[in-house]
Structure formats: C-alpha cells, structure tokens
Amino acid sequence: MQSLEAWLSARGSALAQALDAQRSAICEEVSRRLAAEYPDLCPNLPSDDPELSQQIMFQQTPQRFHVILLAALRFHTLAVIEREYRWLWVIVQRFGVRRVHLLQQVRWYFEAAQAYTSLSREDRAWLTQLELAIEHMILTITAPSPAAPRSYAGAVAL
C-alpha cells in the first residue's frame, strides 16, 4: 500500500482540480453549518470593522481552508497546512476559537467534499486518510502545553 505522500504526489493535483470545481458548494455548506452550530463564536470581533464581522468570518474560514488544502494538494505536501495552523492557532484563540471548532470545520469540509465531488473509491479512501492526517495535525498543534516544571531555586525556607 502506498503512503499518503505517494498518493499526494500521484493524485494531489487531480484531487485539487476536482475539489476546486465544487468550491462554492463545499464552502457554502461548511459556512452554513458553522453559522448554525456556533452562532456565538467570535463575539469579540470588532463590529465597527466590516472585514472582521462574524458573518464574513463564517464565510471566509472555509474558503481559506479550501485554498490552503489546494496548495497542499498541488505542492504534494501537508507542510503548507501545518504551517497555516501553527500560525493561525496563536491568533484565533484570542477570539474564542477552540480546538473543537477547527476540527469540526475540517470534518464538515471533508463531508461536503465527499458529497459534492465525483471521486473514485480509492480517492475517497485517500481523502479520508487526508482528513485524518489534518485532524491529527490540529490535535498536535492545539494540544495544551505541558505545565512548566516549578523551579524551587531561590525559594526561602520558612
């Protein structure tokens, strides 16, 4: 059996093309589900800045994920996605975005991708493996940092 990387090299570009052909349907589905499931997400976005409104956030985040995924597929590497999430995680936490939100968006994206694209059985299986790899990546990146060991150097005995 080939590795995920080998499949990306062999089929990544074709999958990117198939997903991009259904971009609107996939991203609209994910946007709708985000807005319905998380209506209170990111309430701290400045309401005076239309570029940061909650509704635009619900529309843009699936689009951004789609573009990053296409880049990973076309360049045949998941490093693109990993770098995006490492950068993103530091920022989105300030607005109440949690691990569960990122994971759910990925799940909904891949559900929609499976529903809206015509793929072979083999590509569908690899698409599931790709989803699991991205979920694992998110779990790793968003894992709580281990508590720093306490330093007792310089502690004063009472």
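Buried denotes a relative accessible area under 20%, exposed over 50%, and partly exposed the range in between (1.4 Å probe, protein chains only). The model is predicted: local features need pLDDT of at least 70, side-chain atom pairs count only at pLDDT 80 or more, and totals for chains, interfaces and linings use all residues. Residues are numbered from 1 along each chain as its sequence is written, and side-chain values use heavy atoms, with hydrogens and water left out.

**View 1. The salt bridge between Asp123 and Arg11.** A salt bridge is a side-chain nitrogen of Lys or Arg within 4 Å of a carboxyl oxygen of Asp or Glu; the whole structure contains seven. In this pair, the closest N and O atoms are 2.5 Å apart. Distant parts of the chain are linked, as Asp123 belongs to helix 6 (residues 121-141) and Arg11 to helix 1 (residues 4-21), 112 residues apart. Helices (H or I, at least four residues) are DSSP runs numbered from the N terminus. Asp123 is buried, at 5% relative accessibility, whereas Arg11 is partly exposed, at 34%.

**View 2. The salt bridge between Arg23 and Asp20.** A distance of 2.9 Å separates the closest N and O atoms. Arg23 is partly exposed, at 25% relative accessibility, and Asp20 is partly exposed, with a relative accessible area of 26%.

**View 3. The salt bridge between Arg107 and Glu135.** Here the closest N and O atoms are 3.3 Å apart. Because Arg107 lies in helix 5 (residues 99-116) and Glu135 in helix 6, the pair ties together parts 28 residues apart in sequence. Arg107 is partly exposed, at 31% relative accessibility, while Glu135 is buried, at 10%.

Note on methods
Helix = DSSP H or I, 4+ residues; strand = E, 2+ residues; numbered from the N terminus.
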